[in-house]
Amino acid sequence: MNSLNFYIVDVFAESKYTGNQLAVFTNAADITSEQMQVIAKEINYSETTFLTSIEQKAGGYDVRIFTPKQELPFAGHPTLGTAYVLQREIIKHPVPKIFLNLKVGQIPVTVEYADHAVEYMWMQQKAPTFHQILAAETIAEILKIQADEIDSRFPIQEVSTGVPFIIVPLKTLETVKRIKVNQDKYFQLINTTDAKCILAFCSETYHPNNQLNVRVFCDYLGIPEDPATGSANGCLAGYLAEYSYFGKQKISVRVEQGYEIKRPSLLLLEAEKKDTAIEVYVGGKVIMVARGEFV
């Protein structure tokens, strides 16, 4: 295998070394799936992406996403981080949109600029789908909280915009902070669900400019807690619109994540329910950290 060029970026980051780090390999056309998996395991970020062509196909760039354990059809911060590297290092001039061809389908990423530099990246996710509703007592056991600390006005539900997540509404930040996953109960549950990861949230926040605090747990993927999860928050955005969480079916909110593990991240969510369809957008900043060569 020849040496591979890669870039490390922080996604959903307000400053360097916050947010969720990502390695993006830009000349991965000639390596096998098995080699990609080995590299992702060695890099050991929550996800690593591989650009398998710098020529557009069907109007988009072919990209594959791997966790240290497996390939994913879609993930949020890899989508935004890869689009950022494409714009900055390969396209090299301002474009309004970049399309990524992922396993889940083609995902458009809108680029916002300030003084010709990238300011924010926004991805439009697939329309959310809503699946089974779970019992509060079951989830409370898994999260080691009390069932009455779950906000019973809204369901605990599996939601997917390409990758499914269990969405859990909680009443207070104190409860969110206190979560500790019961591994045995967690793995018992996910043997019966399509979703393998849990997103718990509340409307109390650390920072007064934010509207929601979120924690995401993905032990099944080898990620005990993720500092910033675009795919999960896309599911959350659809959920907020579907159930009028803020009293309306159009939302625009700032979400903080990763505070409890000292990796504070900021995600921007927009969603609107029109008739029966929901449009979901997830955005944030991407910051270049380093570049290198993998030999």
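User: Why is glutamate 242 called partly exposed?

Analyst: Glutamate 242 has a relative accessible area of 23%. Buried means under 20%, exposed means over 50%, and partly exposed is what lies in between, with a 1.4 Å probe and protein chains only. Glutamate 242 is therefore partly exposed, because 23% falls in that middle range. Please keep in mind that this is a predicted model: local features need pLDDT of at least 70, side-chain atom pairs count only at pLDDT 80 or more, and totals for chains, interfaces and linings use all residues. Residues are numbered from 1 along each chain as its sequence is written, and side-chain values use heavy atoms, with hydrogens and water left out.

User: What makes the pair of lysine 273 and glutamate 242 a salt bridge?

Analyst: The closest N and O atoms of lysine 273 and glutamate 242 are 3.0 Å apart. A salt bridge asks for a side-chain nitrogen of Lys or Arg within 4 Å of a carboxyl oxygen of Asp or Glu, so this pair qualifies. The two partners come from distant parts of the chain: lysine 273 sits in strand S16 (residues 265-274) and glutamate 242 in helix H6 (residues 230-242), 31 residues apart. Those elements are DSSP runs numbered from the N terminus, helices being H or I with at least four residues and strands E with at least two.

User: Which label does serine 244 get, and how do you know?

Analyst: Serine 244 has a relative accessible area of 24%, so serine 244 is partly exposed. Its place is the loop between H6 and strand S15 (250-257).

User: How do you know whether arginine 153 and aspartate 151 are buried or exposed?

Analyst: Arginine 153 is exposed because its relative accessibility is 63%. Aspartate 151 has a relative accessible area of 7%, so aspartate 151 is buried. The two form a salt bridge, with the closest N and O atoms 2.7 Å apart.

User: And what labels go to glutamate 71 and arginine 64?

Analyst: Glutamate 71 is at 24% relative accessibility, so glutamate 71 counts as partly exposed. Arginine 64 has 19%, and therefore counts as buried. Their side chains meet in a salt bridge at 2.9 Å, N to O. A search of the whole structure finds 10 salt bridges, and Arg88, Glu89 and Arg291 are linked in a network of them.

User: Why is histidine 77 called buried?

Analyst: The relative accessible area of histidine 77 is 1%, so histidine 77 is buried. Histidine 77 belongs to helix H2. Leaving out residues up to four places away in sequence, histidine 77 touches several residues, among them Val11, Phe12, Leu22, Glu47 and Ala228; contact means heavy atoms within 4.5 Å.

User: What makes tyrosine 17 and aspartate 275 stand out in their backbone?

Analyst: Tyrosine 17 has a positive phi of about 70° although it is not a glycine. Aspartate 275 has a positive phi of about 60°, and it is not a glycine either. Tyrosine 17 lies in the loop between S1 and S2, and aspartate 275 in the loop between S16 and strand S17 (277-284). Tyrosine 17 is exposed because its relative accessibility is 51%, and aspartate 275 is exposed because its value is 75%.

User: How is the chain divided into domains, and how much area do they bury?

Analyst: Domain 1 covers 4-124 + 285-294, and domain 2 covers 129-284; the bounds come from an automatic or database domain assignment. Domain 1 and domain 2 bury about 2,100 Å² between them, 60% of it on carbon and sulfur atoms. Buried area is the accessible area (1.4 Å probe) that two parts lose on being put together, summed over both. Phe12, Trp122 and Gln124 supply 31% of the area that domain 1 buries against domain 2, more than any other three residues.
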